Amino acid sequence: MAPVIPRSGDAIFASVERVNAELFTLTYGAIVRQLLTDLEEVEEVNKQLDQMGYNIGIRLVDEFLAKSNVSRCIDFKETAEVIAKVGFKMFLGVTASVSNWDADGTCCSIILEDNPLVDFVELPDTCQGLYYCNVLSGVIRGALEMVSMKTEVTWVRDMLRGDDAFELQVKLLKQVPEEYPYKDDE
Amino acid sequence: MAAIYSLYIINKSGGLIFYKDYGSAGRMDTNDSLRVASLWHSMHAISQQLSPVVGCSGIELLEADTFDLHCFQSLTGTKFFVVCEPGTQQMEGLLKAIYELYTDYVLKNPFYEMEMPIRKPS
């Protein structure tokens, strides 16, 4: 069987159906606005965005794997590179970069210079604790969980709070390969 | 012309979520198809343990006298397998295409619960 070559993020982005960027940004903004009205507490909204992202991530990962033809990643470094270069490109149209690897190779930062979710957005004083793009951290966590990696994803830098870029810290907690309920003895 | 007899999709715990037969040969009722699906899931798992090669990801092709069974497992654990006439070509391509359709139509359906049987609108 001929080896299947993984497709680049640009190629897939060009081939999938795209939606108007402003429509996407405004819809997301409306969701966050509504969550703030309904839940009132900024922490609750952060949690809800993360949960929504998780639910998206668990389904998104199959689409990502189907369209990009990536094979199993050898280690977490490759996983992070694939998420930043192919994943973000395919779904958001932006390329992210990976940096700040720790000594074991289990923790890294994904940096986004450009983020379509936050166009036109400003955080008012009443919402200073809000992680506006928390849905992205949920998506990454959900997606990696479906491929047997438990991770913790947090925001390190957030442009809406005055930093110069968006930085997500992705930390691999553990790999949980499929367990089969077969006992080896007896 | 080489033909497909049936298509199965099983979730990561081995439960059958989709079954369709495309010919009168080997048609099965619901209970039998559920049993056959879990049987395949177990065989697939056992084959990974039996393999003399490290890093085996399971059975991809089973050739028998009267049929071939091609199986594709996604990295998320969902298995797609098709039972077809011996010698049918390009089943891997077909399985990949079915995987893409699964991601586009099943997973994007907001009313579809993960790991549950796929319901076709009647």
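Let's start inside chain A, where A:Arg157 and A:Glu167 form a salt bridge with their closest N and O atoms 2.6 Å apart; the term stands for a side-chain nitrogen of Lys or Arg within 4 Å of a carboxyl oxygen of Asp or Glu. The pair links distant parts of the chain, with A:Arg157 in strand S3 and A:Glu167 in strand S4 of chain A, 10 residues apart. Helices (H or I, at least four residues) and strands (E, at least two) are DSSP runs, numbered from the N terminus. A:Glu167 is buried at a relative accessible area of 6%, whereas A:Arg157 counts as partly exposed at 22%. Here buried means under 20% relative accessible area, exposed means over 50%, and partly exposed is what lies in between, using a 1.4 Å probe and protein chains only.

A word on what you're looking at: this is a predicted model, so local features need pLDDT of at least 70 and side-chain atom pairs count only at pLDDT 80 or more, while totals for chains, interfaces and linings use all residues. Residues are numbered from 1 along each chain as its sequence is written, chains are lettered from A and ligands numbered from 1 in the order in which they are written, and side-chain values use heavy atoms, with hydrogens and water left out.

(The expected span is 1.5 Å times one less than the number of residues.) H5(A) is mostly covered, with 11 of its 13 residues buried. Among them are A:Val135, A:Leu136, A:Ile140, A:Leu144 and A:Met146. What does the covering? It includes helix H2 (21-39), H3, H4, strand S2 (107-112), strand S3 (149-157) and strand S4 (166-175) of chain A. Just after H5(A), A:Ser148 takes a positive phi of about 65°.

Helix H4, one of those covering elements, spans residues 76-92 and holds A:Lys89. Is this lysine buried or exposed? A:Lys89 is buried, with a relative accessible area of 15%. Leaving aside residues up to four places away in sequence, A:Lys89 touches A:Gly9, A:Asp10, A:Phe13, A:Ala84, A:Val94 and A:Thr95, where a contact means heavy atoms within 4.5 Å. As for A:Phe24, 65 residues from A:Lys89 along the chain, the two C-alpha atoms are separated by 15 Å.

Now let's move to where the two chains meet. The contact takes 23 residues from chain B and 18 residues from chain A. The size of an interface is often given as the accessible area lost when the parts come together. For chain B and chain A the buried area is about 1900 Å², with carbon and sulfur atoms giving 54%; this is the accessible area (1.4 Å probe) that two parts lose on being put together, summed over both. On the chain B side, B:Leu75, B:Thr76 and B:Met114 lose the most area to chain A, together 31% of what that side buries.

How many salt bridges are there between chain B and chain A? The count is two, while over all chains it comes to 12. A:Glu63 lies in helix H3 of chain A and B:Lys108 in the segment after H2 of chain B, so the pair joins two chains. A:Glu63 counts as buried at 8% relative accessibility, while B:Lys108 is partly exposed at 46%. Another runs from B:Asp104 in helix H2 of chain B to A:Lys67 in helix H3 of chain A, at 2.9 Å, N to O. B:Asp104 counts as partly exposed at 23% and A:Lys67 as buried at 10%. These four residues, A:Glu63, A:Lys67, B:Asp104 and B:Lys108, are linked in a network of salt bridges.

In the loop between helix H3 (42-68) and H4 of chain A you'll find A:Asn69. A:Asn69 is buried, with a relative accessible area of 18%, and its side chain makes a polar contact with the side chain of B:Lys96 at 2.7 Å. A polar contact is a pair of N or O atoms within 3.5 Å; within protein, one must be able to donate a hydrogen and the other to accept it, and residues adjacent in sequence count only if both atoms are side-chain atoms.
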